[in-house]
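The following paragraphs lead the reader through a single protein chain, element by element. Please keep the sequence and the structure in view while reading.

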Amino acid sequence: EPSFRATEPAEEGGRVFDNEKSLREELQRQLEAKQNEQRRKNAVAQEWNLPPRYEVEFEEDGTPYVMSPDGDIRYDNPEDVPRPLWMQDGENGSARRTGSKPVASNSPGAVKARFERDAVAAALRMDFKEVRRLQQEQEKAVENARKTAARPAKQETPPSEPAADTSGDKSGDVPMADAAAEEDSAPTDQAKAKSKVTCEARCRAGKMPIVKGCDSSYRVERKYTKNVGLKAQQEQQIQTGELMLKAHCWRLVGVRGADGSILPVDKCSEVDPTKVVCVLAQIAEEINKAEQERVRKQWGIDDSWQVLIRTRLIGNQVTVVNPEGKHFCKPSQIRASVQQDSKKRRQAEDVKAQQELLSLLKGASEMGVFEVAGAEGAAKDINGVYRLCSESAHEVSYAKCCRALANMGNAVTIRLVDGRWRFVAGDGVATDPVLASTRSKAPPPFNGKLLEGAGEKGAKELDCEVQVLRPEQVMSKIVNRSNVMTLKQCKLCSLDAKQEKQAQGGSRRAQ
């Protein structure tokens with residue numbers, strides 16, 4: 001049997017579909033047929049100007065007829081369909097209800113509406129060529145209608161009426177109204193002539209600003225955007241009496257005198273403290289300097305970092321820049337950056353350790369790994385396992401395995417210089433100190449004792465041993481002292497470790 005099977009209802013034919021594609025094509029065909037039939041019905045209903053809710057149906061031969069909204073009355077002739085008054089004679093219902101004059105049939109609006117109605121009917125009939133033709137003719141017809149409507153019509157001017165005689169009594173209504181208006185405007189002019197008390201004058205006098213919500217004539221309205229400056233916000237707060245002062249951000253300049261000047265505090269002769277107006281000022285340099293010190297101490301950064309302070313009423317915006325030029329706005333961002341940098345360093349060290357381990361394994365198979373042990377004193381750093389670092393016709397060098405093996409001390413490099421092998425601290429740069437040297441240029445185990453320092457005359461011999469390691473010895477040291485990041489344990493090993501921990505007691509959670 002097929003995996004897909006769909007059966008059509010028996011009253012619609014009872015067909016069977018074995019695949020989804022054929023079913024989709026049949027459903028799409030039926031949908032398009034229904035849409036085309038509905039377009040035909042709409043076109044016929046619009047052409048016959050049927051009232052709402054009256055539907056058009058078709059006989060088997062395609063003859064249309066009309067059904068009532070309830071479906072109980074059939075009309076074969078569209079003129080027999082009852083229509084409301086606003087649909088009769090093609091007049092607009094709004095014009096009948098309001099009693100206004102119907103729009104002329106040759107007006108631009110009527111011409112445009114007529115062409116749009118015909119275009120919609122043609123579109124419903126799927127006749128798009130007719131639609132394009134009507135659109136082209138519509139522009140010309142509307143333009144001609146506008147030109148016709150713009151022509152001036154000849155109208156008869158009505159005879160002019162004689163002017164009314166106004167030479168009678170001069171004490172009529174109009175002069176009395178003018179007099180009343182003059183009397184009403186007199187107090188208004190006097191009120192405007194009075195001087196207003198401004199907010200600045202009251203602030204200078206040590207009084208709160210005048211803020212009246214009911215009368216807007218005494219309020220100086222200012223519009224502030226969101227990103228305004230500190231001075232503009234302070235001016236707005238002064239007008240509403242809501243200025244908040246922070247002690248560490250302000251300095252006392254003096255007191256306001258009677259004439260508006262600023263006087264020193266010791267020259268203030270006013271005894272009543274309620275009449276004294278203090279003048280405060282912000283010193284941006286002092287504020288920023290104190291804020292920078294506070295941020296350095298609180299965030300735990302040194303002087304190599306740059307601290308940028310932006311003073312704001314909602315809170316100072318702090319931005320710090322590290323020596324590398326990276327910006328931070330929060331202490332948590334600095335901690336996250338430090339953790340990320342340390343993680344990157346650990347990953348780089350792990351990569352180097354793995355590369356060193358692979359080189360160590362390769363050298364062990366070629367018997368190119370040796371160990372120095374027993375050195376004391378200043379040359380104790382030469383103790384460790386060495387591997388072949390580079391080999392060419394011009395230079396051969398060995399390096400101590402400090403990353404792959406644990407507890408190997410500082411890095412040491414062995415180079416052949418002036419016919420002697422020299423143990424140089426670090427990466428083997430010429431400026432690095434020489435810890436030990438050999439008597440000849442023989443390869444490891446160097447066929448003799450090592451000398452302390454650069455091997456000058458009188459140099460002391462070191463009591464140490466140099467031994468070439470076999471592959472099994474190298475593997476033993478790797479297993480016991482490997483410093484490479486271990487991989488995730490398998491489920492069997494982790495299960496054994498968990499069972500061993502439970503056997504030894506373990507934690508309460510493990511039990």
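Leaving out residues up to four places away in sequence, Ser337 touches Lys326 and Phe328, where contact means heavy atoms within 4.5 Å. Ser337 is found in helix 9. Its relative accessibility is 8%, so Ser337 counts as buried; buried means under 20% relative accessible area, exposed over 50%, and partly exposed in between, with a 1.4 Å probe and protein chains only. Helices (H or I, at least four residues) and strands (E, at least two) are DSSP runs, numbered from the N terminus.

The model is predicted: local features need pLDDT of at least 70, side-chain atom pairs count only at pLDDT 80 or more, and totals for chains, interfaces and linings use all residues. Residues are numbered from 1 along each chain as its sequence is written, and side-chain values use heavy atoms, with hydrogens and water left out.

**The chain as a whole**

The chain contains 11 helices and 20 strands. It has 511 residues, of which 22% count as buried. Among contacts in the chain with a separation of 6 or more, 36% are between residues 24 or more positions apart. The accessible surface of the chain is about 38,200 Å², and carbon and sulfur atoms account for 50% of that surface; such areas come from the Shrake-Rupley method with a 1.4 Å probe, and for residues only the protein chains shown count as cover.

Strands of a sheet pair through backbone hydrogen bonds, either parallel or antiparallel. Here, two strands pair if DSSP finds at least two bridges between them. An open sheet of 3 strands has the order 3-4-5, and its pairing is antiparallel. Strand 3 (55-58) and strand 5 (74-75) are at the edges and have a single partner strand each, so one side of each is left without a neighbour in the sheet. Strand 4 (residues 64-67) and strand 5 run antiparallel and are joined by 2 bridges. Met67 has Arg74 in strand 5 as its bridge partner. Helix 1 (residues 20-48) packs on this sheet and touches strand 3 and strand 4, and its direction makes about 120° with that of strand 3. Axes are lines fitted to C-alpha atoms, for helices over the stretch in contact, and angles run from 0 to 180 degrees between N-to-C directions.

The loop between helix 1 and strand 3 holds Arg53. Most residues other than glycine have a negative phi. Arg53, which is not a glycine, has a positive phi of about 75°. With a relative accessible area of 63%, Arg53 is exposed.

**Helix 3**

Helix 3 (residues 108-124) has 17 residues, which at 1.5 Å a residue should span 24 Å; its end C-alpha atoms are 24 Å apart, in agreement. The expected span is 1.5 Å times one less than the number of residues. The buried residues of helix 3 include Val111, Phe115 and Ala119. Just after helix 3, Met126 takes a positive phi of about 65°.

Strand 10 (residues 317-321) is mostly covered, with 4 of its 5 residues buried. Strand 9 (residues 306-310) pairs with strand 10 in the antiparallel sense over 5 bridges, and Arg310 has Gln317 in strand 10 as its bridge partner. Strand 10 also pairs in the antiparallel sense with strand 11 (residues 327-328), over 2 bridges. In this second pairing, Val321 stands opposite His327. The hairpin of strand 10 and strand 11 has 5 residues between the strands, and in it Gly325 takes a positive phi near 95°.

The axes of helix 9 (residues 331-365) and helix 10 (residues 471-481) come within 9 Å and cross at roughly 155°. Helix 9 is therefore roughly antiparallel to helix 10, since angles under 35 degrees count as roughly parallel, over 145 as roughly antiparallel, 65 to 115 as roughly perpendicular and the rest as oblique. Leu357, Leu360, Leu361 and Ala364 of helix 9 make the contact with Pro471, Val474, Met475 and Ile478 of helix 10.

Strand 13 (residues 384-391) contains Arg387. Arg387 counts as buried, at 13% relative accessibility. Apart from neighbours within four places in sequence, its contacts include Glu356, Ser359, Leu360 and Tyr398.
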